[in-house]
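The sequence and the model come first, and the notes follow by topic.

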Amino acid sequence: MDNTSAEDLRSFEKRLTEVVAHLQPSMWRYRILLVLLIILSIFGAWSWLSDPHTAKLTIFESLIEHLLFTVSFSTLIILFFFGIHKKIVASSVITTRCRSVLNEYNMCCDDNGRLILKPRRS
């Protein structure tokens, strides 16, 4: 491998690791937020459904009375509408797509974006 190719590979690897490293912190924040909202929604739904007064109220009055469920579930729906599920898996999508392209050149990459050179085929 000549010097120019090795330099290009190092530059590509550096950029790929930068992209993956940039996505990792936000991915974990979105995962924590998603888990927290799911737990709050489950707890709010349980308290809403176990309330004996729910059967006597209209659905609107019942949702107003159980704000924990209303707010957490509404926030969850809004976040899914804006693509939180895509942001959680963005780094794995990028590395998977890079692996499929790099496979044609006898290379691969790990989850952090580091290049792995495979032995040449005979």
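Helices (H or I, at least four residues) and strands (E, at least two) are DSSP runs, numbered from the N terminus. This is a predicted model, in which local features need pLDDT of at least 70 and side-chain atom pairs count only at pLDDT 80 or more, while totals for chains, interfaces and linings use all residues. Residues are numbered from 1 along each chain as its sequence is written, and side-chain values use heavy atoms, with hydrogens and water left out.

**Helix H1 and the surface**

- Ser 11 is placed in helix H1.
- With a relative accessible area of 44%, Ser 11 is partly exposed; buried means under 20% relative accessible area, exposed over 50%, and partly exposed in between (1.4 Å probe, protein chains only).
- Ser 11 and Thr 96 are 85 residues apart along the chain, and their C-alpha atoms are separated by 19 Å.
- Trp 46 also has its place in helix H1, and its relative accessibility of 57% counts as exposed.

**Helix H3**

- Helix H3 covers residues 67–81, and its 15 residues should span 21 Å at 1.5 Å a residue, which agrees with the 21 Å between its end C-alpha atoms.
- The expected span of a helix is 1.5 Å times one less than its number of residues.
- Phe 69, Ser 72 and Leu 76 are the buried residues of H3.
- Seen down the axis of H3, these buried residues fall within an arc of 85°, so they line one face of the helix; the arc is that of the directions from the helix axis to the C-beta atoms.
- The buried residues of H3 pack against H1 and helix H2 (59–65), where contact means heavy atoms within 4.5 Å.

**Helix H5**

- Helix H5 (residues 90–102) has 13 residues, and the 18 Å from its first C-alpha to its last is close to the 18 Å expected at 1.5 Å a residue.
- Its buried residues are Ser 91, Thr 95, Cys 98 and Leu 102.
- They cover an arc of only 60° around the axis, which puts them on the same side of H5.
- The partners that the buried residues of H5 pack against are helix H1 (3–49), strand S1 (107–109) and strand S2 (115–117).
- Thr 95 lies in helix H5 and counts as buried at 2% relative accessibility.
- Leaving aside neighbours within four places in sequence, Thr 95 is in contact with Val 20, Cys 109, Asp 110 and Asp 111.
- Thr 95 and Ile 78 are 17 residues apart in sequence, and their C-alpha atoms are 27 Å apart in space.
- Asn 106 is found in the loop between H5 and S1.
- Asn 106 has a positive phi of about 55° although it is not a glycine, and at 17% relative accessibility Asn 106 counts as buried.

**Salt bridges**

- How many salt bridges does a search of the whole structure find? The search finds 3, a salt bridge being a side-chain nitrogen of Lys or Arg within 4 Å of a carboxyl oxygen of Asp or Glu.
- In one of them, Glu 13 pairs with Arg 114, the closest N and O atoms being 3.6 Å apart.
- Glu 13 lies in helix H1 and Arg 114 in the loop between S1 and S2, so this pair ties together parts that are 101 residues apart in sequence.
- Glu 13 is buried, with a relative accessible area of 15%, whereas Arg 114 counts as partly exposed at 47% relative accessibility.
- Arg 15 and Glu 18 meet in a salt bridge of 3.3 Å, N to O, and being 3 residues apart in helix H1 they are separated by about one helical turn.
- Asp 111 forms a salt bridge with Arg 99, with 2.7 Å between the closest N and O atoms.
- This pair links distant parts of the chain, with Asp 111 in the loop between S1 and S2 and Arg 99 in helix H5, 12 residues apart.
- Asp 111 is exposed, with a relative accessible area of 52%, and Arg 99 is partly exposed at 25%.
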